[in-house]
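Good morning, everyone. Please take a look at the structure on the screen, and I will walk you through it.

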Amino acid sequence: MAAYNIRRTPLERAEYAIIVSTLLFLVVLTVQPLLNLLAISLSDPSEVAGMSGLTVLPNGFSTDVWGLLLNNPAVLRGVVNSIFITLVSSFLGVVLTALMAWALSRPGLPGRRVIFVLMLVTIVFDPGIIPDYLVNKRLGLLDSYWSVILFKLVNAWYLIILIRFFEEVPKELLEASELDGANPFQIFWHVALPLAKSALATIALFYFVFHWNEFFRAMIYLNDQSKWPLQVVLRQFVVEGDKLAMVGVDNSNNYTGASQINIRALKAGMILLTIVPILAIYPLILKFFTKGTMSGALKG
């Protein structure tokens, strides 16, 4: 099969060069700060003070920062708490959002318009922190994981995305399933959900990022430090500069080892520790975006 060369006009070549250059520039802007944090966290403690914000290679090499962070009980508890809260919240959020979106996408649902309007009201009128606190106190959720997990368990914006997606499911396919004897839940489970994999993956990613980065609510409702997620631990250390909480009293009393670690290196390692899970989940979700794009192209 003969190969055909794509001939571009000078204007098209210039546009292509501008697009590629812009994308490369954006990649550099995104990756460089991460490489700088990694370089600082892996550098020799005595060299960190002289490193600039543009450095992407370590000066010397030391894993003292990561050893200190990964052996710190508060950090380890924070990682476990964040994973637990994020996974439970994301799972429940996706399940409840999908169920509610499927129901609201069906024209025959009684009171469909009223429910949809009430859902839109939650976008415009967000309840204040004081009523929210009083509700959690009345329900006995203070100092409980559920006070964080139940927060925005069904996000109205994500619900609208799924409603619009389910409304695009071909009616002929649903009618054929009904003729085959499938009940409404079987149609939802075996027909609608498989077609919505790309949309569900998108919603799951949104929920995961939201709950992983949430710290304000946990800071208010979780008084027990053993229940703090990683973001609250990060805030206590990075914002307040509490090096003693990371190094420990015993290490701070001597002048070797952990006490010599630069606080800037500790902050860099701590920030990376909170970013890595988000970066790791993107490749897992990316294949669903690709499948969704390809299926859309084939349908078109």
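Let me start with one arginine. R164 has 43% relative accessibility, so R164 counts as partly exposed, because that value falls between the 20% and 50% cut-offs. Keep in mind that this is a predicted model.

Which residue does R164 pair with? R164 forms a salt bridge with E167, and the closest N and O atoms are 2.8 Å apart. Both sit in helix α7, three residues apart, so about one helical turn separates them. Here is the general rule. An α-helix has 3.6 residues a turn, so residues three or four places apart point the same way. Side chains of opposite charge can then pair when their charged atoms come close.

R112 is partly exposed, at 24% relative accessibility. E167 is partly exposed too, at 30%. Together, R112, R164 and E167 are linked in a network of salt bridges.

How many salt bridges does the whole structure have? A search finds three. One of them joins D132 and R217, with the closest N and O atoms 2.6 Å apart. Again the pair links distant parts of the chain: D132 is in helix α5, R217 is in helix α11, and they are 85 residues apart. Are these two buried or exposed? D132 counts as buried, at 17% relative accessibility. R217 counts as buried as well, at 7%.

Back to helix α7. This helix covers residues 156–167, which is 12 residues. At 1.5 Å a residue, α7 should span 16 Å, and its end C-alpha atoms are 16 Å apart, which agrees. Its buried residues are A156, Y158, L159, I160, L162, I163 and F166. What covers them? The cover includes α3, α4, α9 and α10.

Take α10 next. L200 lies in that helix. L200 is buried, with a relative accessible area of 16%. Leaving out residues up to four places away in sequence, L200 touches V94, A98, L162 and L193.

Now zoom out. The chain has 15 helices and zero strands. Of its 300 residues, 33% are buried. In soluble globular proteins, nonpolar side chains tend to be buried together. In this model, the largest nonpolar core has 36 residues. Those with the most contacts inside it include I40, L69, L230 and M270. Several helices give two or more residues to this core, among them α1, α3 and α12. Which element gives the most? That is α15, with nine residues. Apart from this core lies another, of 25 residues, with A98, W102, L174 and I187 among them.

Last, the surface. F91, V95, L96, L99, M100, I115, V154, F185 and W189 form a nonpolar patch there, with about 790 Å² of accessible area together. Helix α3 supplies the largest share, five residues. F185 is in helix α9. At 52% relative accessibility, F185 counts as exposed, because the cut-off is over 50%.

That is the tour. Thank you.

Definitions and conventions. Residues numbered from 1 in each chain as written. Predicted model: local features only at pLDDT ≥ 70, side-chain atom pairs only at ≥ 80, totals over all residues. Heavy atoms only, no water. Core = buried A, V, L, I, M, F, W, Y, C linked by side-chain atoms within 4.5 Å. Buried < 20%, exposed > 50% of the residue type's maximum accessible area, 1.4 Å probe, protein only. Helix = DSSP H or I, 4+ residues; strand = E, 2+ residues; numbered from the N terminus. Patch = residues over 30% accessible without salt bridge, like charges linked within 9 Å, V, L, I, M, F, W, Y side chains within 5 Å. Areas by Shrake-Rupley, 256 points an atom, 1.4 Å probe, with all protein chains shown as cover. Salt bridge = Lys/Arg side-chain N within 4 Å of Asp/Glu carboxyl O. Expected span 1.5 Å × (residues − 1). Contact = heavy atoms within 4.5 Å.
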